[in-house]
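Dear colleague,

Please find below the sequence and structure that I am handing over to you. My notes on what was found follow directly after them.

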Amino acid sequence: MNHDFFMNKALELAASARGLTRTNPMVGAVLVRDEKIISQGYHEFFGSAHAELNALANIKKDDLENTTLYITLEPCSHLDKKTPPCAPMLVQSGIKNVVIASLDPNPKVSGNGVKLLKDNQIAVTLGVLDKEQKKLNEVFYKNMLNQMPWLHLKVAQSLDGKMCLNNGTSQWITGSHSRVSVHEMRSHCDAILVGGNTYKIDSPSLNVRDIAICHNPNFKQPEKLILSRKTNPLETKNDWIEYFKNIYKNEKIGSIFIEAGPQLYTKIMEQNIVDRLSIFIAPSLIGKGQDFQAYDRQDLKDLTRYNYQMEKFPDGDLLIDIRF
Ligand SMILES: NC(=O)c1ccc[n+]([C@@H]2O[C@H](COP(=O)([O-])OP(=O)(O)OC[C@H]3O[C@@H](n4cnc5c(N)ncnc54)[C@H](OP(=O)(O)O)[C@@H]3O)[C@@H](O)[C@H]2O)c1
């Protein structure tokens, strides 16, 4: 059996719900017999049925003979959630072979689902495309392991690193392709955050517009967050971490898209808490303007060379995408 091939199919299904599962992971499942997919399912949106349940929804017990179920994430075994746990359901179903990409990252439940399957004579193969699954669900892993939202910082700048003119004008430095890409990124996060100055100067609408996901009835617009010293004066690194942890805990926000002006960009990078940085670069020179002011390094040996992904848009804008 080509495990990678079928797990890849399950991962593709999982990824089709990007932007719709909120604090839940994206999960896919395919049921295979004689090297053919006979059924499939995925977790379609927050609060909906789980992938393995959808994959087995129309399958009778007799049809499970000689089948293997591929699931991208360990089936859950805990009751602390909206839907019934999947591992006992799999035991009930009569399935005999299960292939799983990764264990559930939640330390309280990790391994319990697999144990339940094994204790009930289900053969389990674990770790197929584990790395790919973890990449797909990087936000969920951050949430589970750190109890903190995934922080995705985005800035737009000129070739000379300027984020707005000296008079504060910044709309628009980059072109329409970059802005569509920003809306895609917004749609993948549970909230959009801007600093108080940007809120006052730009009056941004902070919503997702003009992209396909807006027509999906299960899509929910991100929450809006304004960071201001008036309500949350953040001084120490600990203040910043507590601020974000409280948002995760109290507002159930698992990912925040931060659209920073130069001041907020500088402040937040100094805390070393950002998970992903997307820099959109327009092929223009602004000259005098406002820019990133963090670090004040005294020695070039202190520079970090980041790994990054790059995209070039048809109008010449570039996107440099870094994961820390
Ligand atoms: N090129 C880009 O990507 C981009 C993106 C966004 C904005 N901009 C431009 O950037 C300009 C505004 O930039 P900016 O750097 O002044 O503003 P900013 O990004 O809005 O960040 C500064 C604001 O964040 C809040 N803040 C900063 N440090 C804080 C802390 N330690 N604790 C709590 N709150 C804190 C403050 O809000 P309060 O004043 O309410 O206390 C402050 O006004 C605008 O002209 C806008 O057009 C450019």
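The largest nonpolar core has 37 residues, and those with the most contacts inside it are L153, L193, I256, I258 and A260. A nonpolar core here is a set of buried Ala, Val, Leu, Ile, Met, Phe, Trp, Tyr and Cys residues joined through C-beta atoms within 7 Å. A residue is called buried if 20 or more other C-beta atoms lie within 10 Å of its own, exposed if 12 or fewer, and partly exposed in between, with C-beta atoms placed from the backbone. Strand β6 gives the most to this core, with 5 residues. Apart from this core lies another, of 36 residues, among them L69, L73, C76 and L90. In soluble globular proteins, nonpolar side chains tend to be buried together.

This is a predicted model: local features need pLDDT of at least 70, side-chain atom pairs count only at pLDDT 80 or more, and totals for chains, interfaces and linings use all residues. Residues are numbered from 1 along each chain as its sequence is written.

L153 is in contact with I258, A260, I268, V274 and L277, leaving aside its neighbours within four places in sequence. Contact requires the C-beta atoms of two residues, placed from the backbone, to lie within 7 Å.

The sheet

Five strands form an open sheet of mixed pairing, in the order β2-β1-β3-β4-β5. Helices (H or I, at least four residues) and strands (E, at least two) are DSSP runs, numbered from the N terminus, and two strands pair if DSSP finds at least two bridges between them. The edge strands, β2 and β5 (123–126), each pair on one side only. From one strand to the next, the twist averages 20°.

Strand β1 (residues 28–33) is largely enclosed by the rest of the structure, because 5 of its 6 residues are buried. β1 pairs with β2 (residues 36–42) in the antiparallel sense over 6 bridges, and V30 stands opposite Q40 in β2. The two strands form a hairpin with 2 residues between them, and D34 in the turn has a positive phi of about 50°. With β3 (residues 68–73), β1 pairs in the antiparallel sense over 4 bridges; the bridge partner of V32 in β3 is T68.

β3 and β4 (residues 97–102) pair in the parallel sense over 4 bridges, with L69 opposite V98 in β4. Helix α1 (residues 3–15) packs on the sheet, touching β1, β2, β3, β4 and β5, and its direction makes about 145° with that of β1. Helix α4 (residues 112–119) also packs on the sheet, touching β4 and β5, and its direction makes about 150° with that of β5. Axes are lines fitted to C-alpha atoms, for helices over the stretch in contact, and angles run from 0 to 180 degrees between N-to-C directions.

The ligand

The ligand is surrounded by 29 residues, the closest being G195, G196, S228, G261 and Q263. The elements that give two or more residues to this shell are β6 (150–157), β7 (162–165), β8 (191–195), α8 (196–202) and α10 (262–271). α8 gives the most, with 5 residues. A residue belongs to the surroundings if its C-beta atom, placed from the backbone, lies within 6 Å of the molecule.

Yours sincerely
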